[in-house]
Amino acid sequence: MGAQKKSATARVSEDQEELARNPLQAILLADSFATTFRPITLERPKVLLPLVNIPMIDYTLAWLESAGVEEVFVFCCAHSKQVIDYLESSRWSSQPNFSVTTIESHNSISAGDALRLIYERNVIHGDFVLISGDTVSNMSLTQVLQEHKERRKKDANAIMTMVVKKSKPSPITQQSRLGTDELFMAINPVTKQLLCYEDKAEHSKGFISLDKTLIADNPSIILHNDKQDCYIDVCSQEVLSLFTDNFDYQHLRRHFVKGLLVDDIMGYKIFTHEIHSSYAARIDNFRSYDTISKDIIQRWTYPFVPDILCGSSAIKVERQGTYRASDVTLSRSAHIGSFTFIGQGTKIGNDTKISHSVVGEGCTIGSNVTIEGSYIWNNVTIEDGCQLRHAIVCDGVIMKSGAVLQPGVILSFKVVVGQQFVVPAYSKVSLLQQPTQQDSDEELEYADNTSGTGELRSDKLNGDIAADLSETAYELGTGGVGYIWSVFEGAQDEEWKHSVAPIPKDKLVKLMLDKDEDEEQLTQDGNVLSASGELKADSDDNGSEDDDNADSRDDYGFFEKEVEATFLRAVHENVKVDHAVLEVNALRLSYNMASVDCAGAIFYSMMKLAVESPHHSASELHRNAADIITKWVKLLKSFLHDIDEEIEVILKFEEMCLESAKEFAALFPQVLHLLYDKEILQEDAILRWADEKEGADESDKVFLKSSEKFVQWLKEAEEEDEDD
């Protein structure tokens, strides 16, 4: 017994010594080993691309430093010299208690290769954080590190903890707001162990296969499709040795995670840690670039926002989420709209309108230019009369007068667009010819041939790439220079799904029609998961009527939350009303709800937003409600088809005033009048509601009595009409 006690005491002492001896380390992958940011990444590494005018890697490093990481090993492969030069000249080269060391490779073509090389260097001495340099987060690592260490003490096979966050995919596109495919995770709700990970399920089949042993070994499993993989992992040293022992492990998720989950011999386990109020997301494609940029501008990533990260640069944050450097030259007739960033030294001409966009440093923008939902990087020249909508324009680009970029266009470094030329939607344009194959390691071949600013070193380029650009200038109009890349066969859908541009309405309609057919097939099958996703054992009991009613209430609760999330996303991302209608319609079909359920959920979401928006008096609250209702009136009216449905909205408002939004109780008559003025509620609906209330208990007439004057006015107006 004495020996056992001594051993236990020694173990605690060893743990404390280990914590004291080993600083918290992180491996940062500065290469995505992917092609999603082509053609831009043929000339500059992804981690150095500007995200609201700050290189992506700065967000990742700033977070790691704030989270208590002391040593970061940055793995560089494609364009490694650019990454190393940047880090050596940045503030990260001399931060106290925070060392950044680069590890360079010229022949690694996957994350697996990177981790095998790091293992050979023997630089990791304990648990470490694994992350890529295109990740933005403000979460604390304290809890997830503690959970990971506690599990390790009890079970040496618990080698990895993945950070996840709730994020419901669109019911139409089956994509998250980051443009990633719908992800299915089976998780033990008690232990948080990850049991299944499927990022590309066959939606047409409508089901996912789970091993029977999972059900047998876990009394409860929840299958989630509402979790976002944040690509932040806390790992034990064994993770590196496993990559070394298994050379077929290349991709972190597709090979390593899924490989461990199906390996019942070694017994290694992966767990999850869900964050709620914190932010964490990875820039995986152009759509997530757009989404995360908006999140940064709207300060969801605080304190990692431009005015704080820029440090020496004076950035002024103005009303409606507008950021402006101190030395911007802005014409008095120019209009800068909400959620827009304007960088240092930029000049903007007369009658130019810019909204929901980021404009970099040293740009010259002429007169009568329209820029909406776009990302203009540094030293770009946009001449008079140009139009840009939902596009990315890289450093040094010149757009001659009257040029137009249709939604989804990507202009790589130093491209020139000719006068009056219209670049077609989703075009990718570069000074480099399009590679003949889509290999993820081609960045390695191009890395030594470009400077990262679009300056081609023609003496180093092979004949295919160094072809005379003048022969394709006609593609970009008079005076244009650059190649318009063609879309590879079968990749058309990927262009608009992963673009910075909103998905076109005709595409959404087609997807929704396809979904209708799938839903009909699934309904006939009858094996549909509950909205909660919980997998339960079969029961001989057919269930009582009370159980059915409870399930119905639960379903409406889930549905209402989904509608609210959809509505808030539409508000924050400036989604068009028509697109929001399609999203809500898809939810209606998915949950088997009626139009009146949609109307009630939308109205609830509108009123809740009004209450949660800043206000200091009843009049300001009424103004909030009026502004929201006015902007989204078309959305609400899309689901109100008759008098009965309008009455349900009034009843919903009564319920809110009594329970979830009591601040509106005193404003009930004014809001009722507002809904009438906006033609959301017809006169007959209000009068029928009043008539039905006449026989009710006094306690149920509170809002009728407060609205007596308005109801009486409607009755008198109706009588006058009848007399006429």
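Contact here means heavy atoms within 4.5 Å. The structure is a predicted model, in which local features need pLDDT of at least 70 and side-chain atom pairs count only at pLDDT 80 or more, whereas totals for chains, interfaces and linings use all residues. Residues are numbered from 1 along each chain as its sequence is written, and side-chain values use heavy atoms, with hydrogens and water left out.

Leaving aside neighbours within four places in sequence, leucine 411 is in contact with Ile392, Val393, Cys394, Val397, Met399, Leu405, Val417 and Val429. Leu411 is also among the residues with the most contacts inside the largest nonpolar core, which has 96 residues; such a core is a set of buried Ala, Val, Leu, Ile, Met, Phe, Trp, Tyr and Cys residues joined through side-chain atoms within 4.5 Å, buried meaning under 20% relative accessible area with a 1.4 Å probe, protein chains only. Helix α2 (residues 56–66) gives the most to this core, with seven residues. Apart from it lies another core, of 57 residues, which includes Ala580, Ile602, Phe603 and Leu675.

Leucine 28 is placed in strand β1 (residues 25–29), helices (H or I, at least four residues) and strands (E, at least two) being DSSP runs numbered from the N terminus. This leucine 28 is buried, with a relative accessible area of 0%, and, neighbours within four places in sequence aside, its contacts include Ile57, Leu61, Leu64, Phe73 and Ile131. Leucine 28 and aspartate 134 lie 106 residues apart in sequence, yet 9.4 Å apart in space, C-alpha to C-alpha.

Technical notes. Buried means under 20% relative accessible area, exposed over 50%, partly exposed in between (1.4 Å probe, protein chains only).
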